[in-house]
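Here is a short briefing on strand layout and pocket lining. Look over the sequence and the structure first.

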Amino acid sequence: MPLGTLDRSPPPFFRQGPSALSKLVLFGVLAVLLMVADNRFGMIKPVRAAIATVLYPLQWTMLQPVIWSRDGSKYFESLNSSQTSEAAAQYRLGLQSQRAQQVEQLNQENAQLRGLLGLRERVNAPALAAQILYDAADPFTRKVIIDKGALAAVQPGSPVLDELGVLGQVTRVYPLVSEVTLITDRNQAVPVLNARTGLRALAFGDAASRSGALELRFLDANVDLQAGDLLTTSGVDGVYPPGLQVARISSVEHGADSAFARVRCEPVAAVNSGLHVLVLQPLAGLVPTLPPTAPDKATSATNATNGSKP
């Protein structure tokens, strides 16, 4: 056999390529160069975009069962929520319709009585719209912070109410925000009037209740109160305009060992979930002062006799 046709390469057992350390150094340097190039020049972005484009159909296909199950659960939850909200809205609509029919007749009777007694019409308090930002940091009080302050002409003592009833009273005013003490605070008292019997009382925040309730104190054990009675502001304190809804009586307990009845009430306003409120000017700031009267003739004659100025 000619020598030129012989395979002079060593057998596979004796073949040796680059060492493992050389490969590690080579690929390490290559990896660092690729990271620097991608970070500085964005050279790998086209490759990444191409891979993402190729894998998108597979990702979309794998995510479809998850999306279907999630949308299905949301559909049933929204359906139940919509049905509950519709039932509550229908109930409120019925109550508002009943109140609207009664209010017209009451307004006519009120206008007739005021005309007979020569009383002036009730002064409408200016209202300022505000929004509740957050609850106060003190866990032992029930206070909220609204986004209107002294720059918006908010005054200390201003009544605060929502679309349902009385919410509280402004206790501190800052330039941009104000602090509102809710009617369920243990140190807050609201003069109320029983719409059914006309009984006047004081509603205090119930300190023993964590759910935000009210209680009527210092009432005789045989007082005429029933569960479901509506309590409105009486207006005798000069802060709250009369006729605003405050609470409904939830329970009346007549203890044999006590001379007073224990009356618990639930506030009408959304004291724990409200967001938008109205801030009214205190009723005392709207009452005009009487002009000074001229002295009568008898007083002038007496002053002249005594040599004093009228």
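**Barrels and the main pocket**

Six strands form a closed barrel in the order 1-2-5-4-3-12, and their pairing is antiparallel. From one strand to the next, the twist averages 45°. The model is predicted.

**First topic: pairing of strands 3 and 12**
- Strand 3 covers residues 159-161, and strand 12 covers residues 276-280.
- Two bridges join strands 3 and 12 in the antiparallel sense.
- Leucine 161 sits opposite leucine 278 of strand 12.

**Second topic: the barrel 6-7-8-11-10-9**
- A closed barrel of six strands runs 6-7-8-11-10-9, again with antiparallel pairing.
- Its twist averages 40° from one strand to the next.
- Strand 7 (residues 200-205) pairs with strand 8 (residues 214-216) over three bridges, in the antiparallel sense.
- Alanine 203 has leucine 216 in strand 8 as its bridge partner.

- The largest pocket holds about 1300 Å³ of space.
- Elements giving two or more residues to its lining are helix 2 (45-117), strand 6 (189-194), strand 9 (230-233), strand 10 (245-254) and strand 11 (261-267).
- Helix 2 contributes the most to this lining, with 11 residues.
- The lining of the largest pocket has 34 residues.
- Nearest the pocket centre lie Leu230, Thr232, Gly243, Leu244 and Gln245.
- By type, the lining of the largest pocket splits into 14 nonpolar, 12 polar and eight charged residues.

Definitions and conventions
Residues numbered from 1 in each chain as written. Predicted model: local features only at pLDDT ≥ 70, side-chain atom pairs only at ≥ 80, totals over all residues. Heavy atoms only, no water. Pairing = 2+ DSSP bridges. Helix = DSSP H or I, 4+ residues; strand = E, 2+ residues; numbered from the N terminus. Axes fitted to C-alpha atoms, helices over the stretch in contact; angles between N-to-C directions. 1 Å grid on protein atoms, 1.4 Å probe; cavity = no way out; pocket = protein on both sides within 12 Å on 5 of 7 lines; lining within 4 Å. Points joined across faces, edges and corners; volume = space filled by probe spheres on them. Nonpolar A, V, L, I, M, F, W, Y, C, P; charged D, E, K, R; others polar.
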